[in-house]
Each structure stands twice: as structure tokens, then as C-alpha cells.
Amino acid sequence: MTATSAAPPRQLAPLNPIQQLKAGHLPRRLVQLYAGLSLYGASMGLMIQGNLGLDPWDVFHSGITKHVALSFGTVVIAISFVVLLAWIPLRQWPGLGTISNAIVIGLVTDLTLATIDRPHALWLRIVFMLSGVVLNALAGALYIGAQFGPGPRDGLMTGLVRRTGLSVRLVRTTLELTVLATGFLMGGSIGVGTVVYALSIGPLVHILLPIFTVRLKTTT
């Protein structure tokens with residue numbers, strides 16, 4: 001027998017892709033998902049145009065752009081689907097949010113880069129960088145809180161944690177240091193923004209995620 005009950009307030013529910021679509025509040029969650037993904041792409045564009053350093057995965061993406069004739073957003077999309085291939089041996093299923101993440105963020109990043117010029121004044125570059133970090137945290141809280149599944153990179157981390165039994169801290173740190181070092185060696189952009197992002201993104205998301213996590217109906 002099954003019974004429908006409300007998930008504990010402000011907690012992420014462990015749902016499979018089908019359950020995610022049936023968990024209620026669908027219109028609100030879809031709006032929140034795509035608003036979050038769009039803001040995420042815009043935040044990446046602001047940090048790129050600020051030219052003061054990027055987060056680890058974007059250092060990797062920017063390093064790749066030094067060697068291929070592809071836009072930044074196209075590289076983000078391509079790497080997202082490459083990462084999704086790693087989900088296969090981890091036996092993970094992507095949700096709507098996973099696939100949307102892989103596509104929308106890259107498209108919006110390219111749109112932002114095409115419409116917002118890189119400033120010359122240092123103070124404005126700092127504003128771009130700080131705004132990018134804060135918007136990135138807000139965007140992450142929005143799309144994660146919509147509960148349509150993790151993005152490709154976060155899903156890789158959680159899948160490795162589940163399959164290896166290692167801690168989230170160790171797996172995430174190892175992944176991010178690996179892509180950061182690889183991106184740097186390829187010519188990716190590292191700077192003060194990289195440090196600011198690393199130190200602030202966790203606390204910011206920790207504050208914002210409970211606010212934007214949608215309470216879902218779960219089946220037990």
C-alpha cells in the first residue's frame with residue numbers, strides 16, 4: 001500500500017525522474033528551474049567578462065576554448081554531455097533538470113557574452129565578478145530547489161560518492177582540483193575570482209537553498 005505525504009519542509013526529496021514530474025507544484029517548479037538555469041548562465045557570462053578568474057569547472061571550459069574553435073557556451077554544453085556518459089557506469093538516470101542544465105546554461109552564457117561587453121575599469125570588473133558569484137549562488141539554489149535532478153557535474157559527484165563510499169568533501173575536492181589544474185594547464189582563466197568563488201559559493205548556497213527548495217509530495 002502507498003500513502004501520499006508531504007516531504008519535510010525545505011528538504012530535497014530523493015526522487016527518481018518520473019517521481020520528480022509527479023511530485024506536485026509543476027508550473028512553479030518549471031518556472032523556478034528555467035529561471036535558475038538562465039541566471040546561472042548569465043552569472044557565468046558576468047564572471048567571464050569580469051576577467052578576474054573563474055570557478056574550477058569554468059577554468060576547465062575556458063582552457064578548452066583556447067584550443068578549439070567553439071564558443072564558451074558550446075564547450076559547456078559539449079562537456080555536459082561528455083560528463084553524462086560517465087553517469088552510465090554509475091547507474092544514474094538524468095532528470096528533466098539534468099538535461100535542461102546541460103543545454104540552457106551554455107546557451108544563456110553565450111547570449112550574455114554576446115550582449116554584455118567586457119569592461120575596462122577595474123572597479124567595474126570587480127562588480128561583474130562579485131555579481132557573478134552572488135547570482136551563481138542564487139541560480140544554483142533556484143534550480144536545485146526546483147527538484148528536477150542534479151546537473152551533470154553535481155550528479156557525477158553524487159554518483160561517485162554513492163559508488164565509492166568516499167565522502168562528499170573528498171570527491172568534490174578531488175574533482176574540482178582536477179578540472180582546475182587541467183584547465184589552468186590549458187590556459188584557463190584563474191584569478192582572485194576563483195578564490196572568491198571557492199570561499200563564498202558554499203556558504204551562499206547553504207543560506208539560499210532552504211529558501212527556494214519547493215516542498216514536494218512523496219510516495220511512501
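Mentor: Below we take the helices, the backbone and the side-chain contacts in turn. Keep in mind that this is a predicted model.

Trainee: Okay, helix 2. What should its 25 residues span, and how far apart are the end C-alpha atoms?

Mentor: Helix 2 covers residues 26-50. At 1.5 Å a residue it should span 36 Å. Its end C-alpha atoms are 36 Å apart, so the two agree.

Trainee: What does the backbone do just after helix 2?

Mentor: Asparagine 51 takes a positive phi there, of about 55°. It lies in the loop between helix 2 and helix 3, which is 56-65.

Trainee: Why point that out?

Mentor: Most residues other than glycine have a negative phi. Asparagine 51 is not a glycine, yet its phi is positive.

Trainee: How accessible is histidine 25? And asparagine 51?

Mentor: Histidine 25 has 45% relative accessibility and counts as partly exposed. Asparagine 51 is partly exposed too, at 34%.

Trainee: Switching to the surface. Which residues make the nonpolar patch?

Mentor: Leu21, Leu26, Tyr34 and Leu96. The patch is about 300 Å². Tyrosine 34 belongs to helix 2. It is partly exposed, with a relative accessible area of 32%.

Trainee: Charges next. How many salt bridges are there?

Mentor: The count is one. Arginine 172 meets glutamate 176, with N to O at 3.1 Å.

Trainee: Where do those two lie?

Mentor: Both are in helix 9, residues 168-185. They are four residues apart, about one turn of the helix.

Trainee: On to the rings. How many aromatic pairs?

Mentor: Two in the whole structure. Take tyrosine 40 and tyrosine 143: their ring centres are 5.9 Å apart and their planes are at 75°, so that pair is edge-to-face.

Trainee: Which parts of the chain does that pair link?

Mentor: Distant ones: tyrosine 40 is in helix 2 and tyrosine 143 is in helix 7, residues 122-145. They are 103 residues apart. Tyrosine 40 is buried at 17%. Tyrosine 143 is buried at 5%.

Trainee: And the other pair?

Mentor: Tryptophan 57 with phenylalanine 60, also edge-to-face. The centres are 6.1 Å apart, with 80° between the planes. Both residues are in helix 3, three residues apart, so about one helical turn separates them. Tryptophan 57 is buried at 13%, and phenylalanine 60 is buried at 16%.

Trainee: What lies over the face of tryptophan 57?

Mentor: Arginine 153, at 5.3 Å from the ring centre.

Trainee: Which ring does the charged end of arginine 29 sit over?

Mentor: The ring of phenylalanine 148, 4.1 Å from its centre.

Terms used: Residues numbered from 1 in each chain as written. Predicted model: local features only at pLDDT ≥ 70, side-chain atom pairs only at ≥ 80, totals over all residues. Heavy atoms only, no water. Expected span 1.5 Å × (residues − 1). Patch = residues over 30% accessible without salt bridge, like charges linked within 9 Å, V, L, I, M, F, W, Y side chains within 5 Å. Areas by Shrake-Rupley, 256 points an atom, 1.4 Å probe, with all protein chains shown as cover. Salt bridge = Lys/Arg side-chain N within 4 Å of Asp/Glu carboxyl O. Buried < 20%, exposed > 50% of the residue type's maximum accessible area, 1.4 Å probe, protein only. Phe/Tyr/Trp six-rings, centres within 6.5 Å; stacked < 30°, edge-to-face > 60°. Lys NZ or Arg CZ within 6 Å of the ring centre and 35° of its normal.
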